[in-house]
Amino acid sequence: MSKLKTHSGSKKRFKVTASGRVKAQAAGKRHGMVKRTQKMKRNARGTMVLAPQDGEIILKNFLRNA
């Protein structure tokens with residue numbers, strides 16, 4: 001059987017930390033920022049660590065070789 005490839009789009013969107021957790025950008029910051037609260041915009045800055053359940057899905061299905 002051939003080798004499984006890593007999902008190319010996921011390589012650009014997620015990073016795996018040294019402890020094996022998955023970092024990603026915050027969702028909901030592309031457009032329509034006027035209707036977001038200042039607190040939401042502030043908390044969504046930078047990257048965040050995904051919940052363990054979501055991280056498992058990313059690692060299993062998209063970042064197989066990470």
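In this predicted model, strand β2, which spans residues 22-25, is joined to β3 by three bridges, and the two strands run antiparallel. Within this pairing, Q25 has T47 of β3 as its bridge partner. Both strands belong to an open sheet of three strands, arranged in the order β1-β2-β3 and paired in antiparallel fashion. The edge positions are taken by β1 (14-16) and β3 (47-49), each of which pairs on one side only. On average, and with direction ignored, neighbouring strands of this sheet are turned by 30 degrees against each other. In general terms, the strands of a sheet pair through backbone hydrogen bonds, in either a parallel or an antiparallel manner.

The largest pocket of the model has a volume of about 220 Å³. Its lining is made up of R13, F14, A24, Q25, A26, A27, G28, K29, R30, A44, R45 and G46, so that Q25, the bridge partner of T47 in β3, is also one of the residues that line this pocket. When the lining is divided by class, five nonpolar, three polar and four charged residues are found.

Although H7 and L63 are 56 residues apart along the chain, their C-alpha atoms are separated by 6.4 Å.

Definitions and conventions. Residues numbered from 1 in each chain as written. Predicted model: local features only at pLDDT ≥ 70, side-chain atom pairs only at ≥ 80, totals over all residues. Heavy atoms only, no water. 1 Å grid on protein atoms, 1.4 Å probe; cavity = no way out; pocket = protein on both sides within 12 Å on 5 of 7 lines; lining within 4 Å. Points joined across faces, edges and corners; volume = space filled by probe spheres on them. Nonpolar A, V, L, I, M, F, W, Y, C, P; charged D, E, K, R; others polar. Pairing = 2+ DSSP bridges. Helix = DSSP H or I, 4+ residues; strand = E, 2+ residues; numbered from the N terminus. Axes fitted to C-alpha atoms, helices over the stretch in contact; angles between N-to-C directions.
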